[in-house]
Amino acid sequence: MTASMRASAACNFPIRAPETSGMIMTDTSWREHGLFFFHCPKAAGTSLRSQFTPLFPPEEHSPDIEHDVFLHEQNKPRLGEFRGYKFYFGHFGRDVHDAVRVKHVPMTNFRSPADRIFSLFLFFRRNETDDALLTLPNLYPLLVAKKGGLRDFILSDDPRITVYTRNHHARQLSHSGWELDAPAARERATEILDRMPWFYVFERQSESIAWAQEAIGVTLKANVHLNSASEREREDDALRAEFEPLRARVLEANALDLELYEKAIARLDRVSRAP
């Protein structure tokens, strides 16, 4: 296939308007054309992945193209080499999506930005990586979370930290979660969100599961949860108390993510009320 043919194929993507009426149309085209799931960190994506993975044969699963800044920089020049799979599910950005998709259907998961970033801090802090490895460049966020503490992590202006803590989801859906430069992020993220036939909202599990059955024909188990490292946040009241005074600042620094989250909630409310 020539480059022009690939570009033409990439443009043939069905545009789906968000549900505005009482009728919900079931879209199962993802089974035929493929699924591209933008896994937003610390929003129950690992649990969701375990339920979507068996729906595609192993040979149709993409490799783990990127899950941090370093893999992103390594694979960015060769994203076209990852085309040809039907199931993409990972911490991948819009740049990966645009490079590999043909008619793949996009989906994602949401969580309130402040709680998601607090959970991310706990995940890094409780990671069992050996201390001797914390000087590795790709483990800098773990080093700060483990040795510096909550305020150092949450309020850091270091781009090695802010790439995780400032509008990561908006950048992921518009450009790449692993790059801080994201012009027109609001417009581009909203555009792809409006194309999604379904997404998951962590705080609204029951509605998200019911919508999955109606919108994409998938029966999800009602046990979608965070992994064990994140569940421990319930055990640590002291860190939660330390975080609460910082909540407003976290939301201010994640205004785009909060806006997208609120759009997702509004759409979920709309479809949940549909007769």
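Author: Methionine 25 lies in the loop between helix H1 (3–11) and helix H2 (29–33). The model is a predicted one.

Reader: Why is methionine 25 called exposed?

Author: Its relative accessibility is 59%. Exposed means over 50%. Methionine 25 therefore counts as exposed.

Reader: What does methionine 25 touch, leaving out residues up to four places away in sequence?

Author: Methionine 25 touches Glu214 and Ala215. The C-alpha atoms of methionine 25 and glutamate 214 are separated by 7.5 Å. Along the chain, these two are 189 residues apart.

Reader: Where is serine 156, and is it buried or exposed?

Author: Serine 156 sits in the loop between H8 and H9. Its relative accessible area is 13%. Buried means under 20%, so serine 156 is buried. Beyond four places in sequence, serine 156 touches Arg151, Ile161, Thr162 and Arg166.

Reader: What is the phi of lysine 42?

Author: Phi of lysine 42 is near 60°. That is a positive value in a residue other than glycine. Lysine 42 belongs to the loop between strand E1 (35–38) and helix H3 (45–52).

Reader: Why does lysine 42 count as buried?

Author: Lysine 42 has 10% relative accessibility. The cut-off for buried is under 20%. Lysine 42 therefore counts as buried.

Reader: What about the phi of asparagine 167?

Author: Asparagine 167 is not a glycine, yet its phi is positive, about 55°. It is found in the loop between H9 and helix H10 (168–174).

Reader: What puts the buried residues of helix H7 on the same side?

Author: The buried residues of H7 (residues 140–148) are Pro141, Leu142, Val144 and Ala145. They cover an arc of only 165° around the axis, so they lie on the same side of H7. These buried residues pack against helix H6 (113–125), helix H8 (150–154) and helix H9 (159–165).

Reader: Which residue follows H7?

Author: Glycine 149 follows H7. The phi of glycine 149 is positive, near 105°.

Reader: Why are H6 and H7 called roughly perpendicular?

Author: H6 and H7 pack at an angle of about 90°. Angles of 65 to 115 degrees count as roughly perpendicular. H6 and H7 are therefore roughly perpendicular to each other. Their axes are 8 Å apart. H6 supplies Phe121, Phe124 and Arg125 to the contact, and H7 supplies Pro141, Leu142, Ala145 and Lys146. By class, the contact of H6 with H7 has five nonpolar, no polar and two charged residues.

Reader: How do you know that H11 and H16 are roughly parallel?

Author: Helix H11 (residues 185–195) and helix H16 (residues 255–273) pack at about 25°. Angles under 35 degrees count as roughly parallel. H11 and H16 are therefore roughly parallel to each other. Their axes are 11 Å apart.

Reader: How does H11 pass H16, and which residues meet?

Author: The crossing of H11 and H16 is right-handed. From H11, Ala185, Arg186, Ala189, Thr190, Leu193 and Asp194 take part. In H16 they meet Leu256, Glu259, Leu260, Lys263 and Arg267. The residues of this contact of H11 with H16 divide into five nonpolar, one polar and five charged.

Conventions: Residues are numbered from 1 along each chain as its sequence is written. This is a predicted model: local features need pLDDT of at least 70, side-chain atom pairs count only at pLDDT 80 or more; totals for chains, interfaces and linings use all residues. Side-chain values use heavy atoms; hydrogens and water are left out. Axes are lines fitted to C-alpha atoms, for helices over the stretch in contact, and angles run from 0 to 180 degrees between N-to-C directions. Helices (H or I, at least four residues) and strands (E, at least two) are DSSP runs, numbered from the N terminus. Angles under 35 degrees count as roughly parallel, over 145 as roughly antiparallel, 65 to 115 as roughly perpendicular and the rest as oblique. A crossing is left-handed if the near helix is turned anticlockwise from the far one by less than a right angle, and right-handed if clockwise. Contact means heavy atoms within 4.5 Å. Ala, Val, Leu, Ile, Met, Phe, Trp, Tyr, Cys and Pro count as nonpolar, Asp, Glu, Lys and Arg as charged, and the others, Gly among them, as polar. Buried means under 20% relative accessible area, exposed over 50%, partly exposed in between (1.4 Å probe, protein chains only). The arc is that of the directions from the helix axis to the C-beta atoms.
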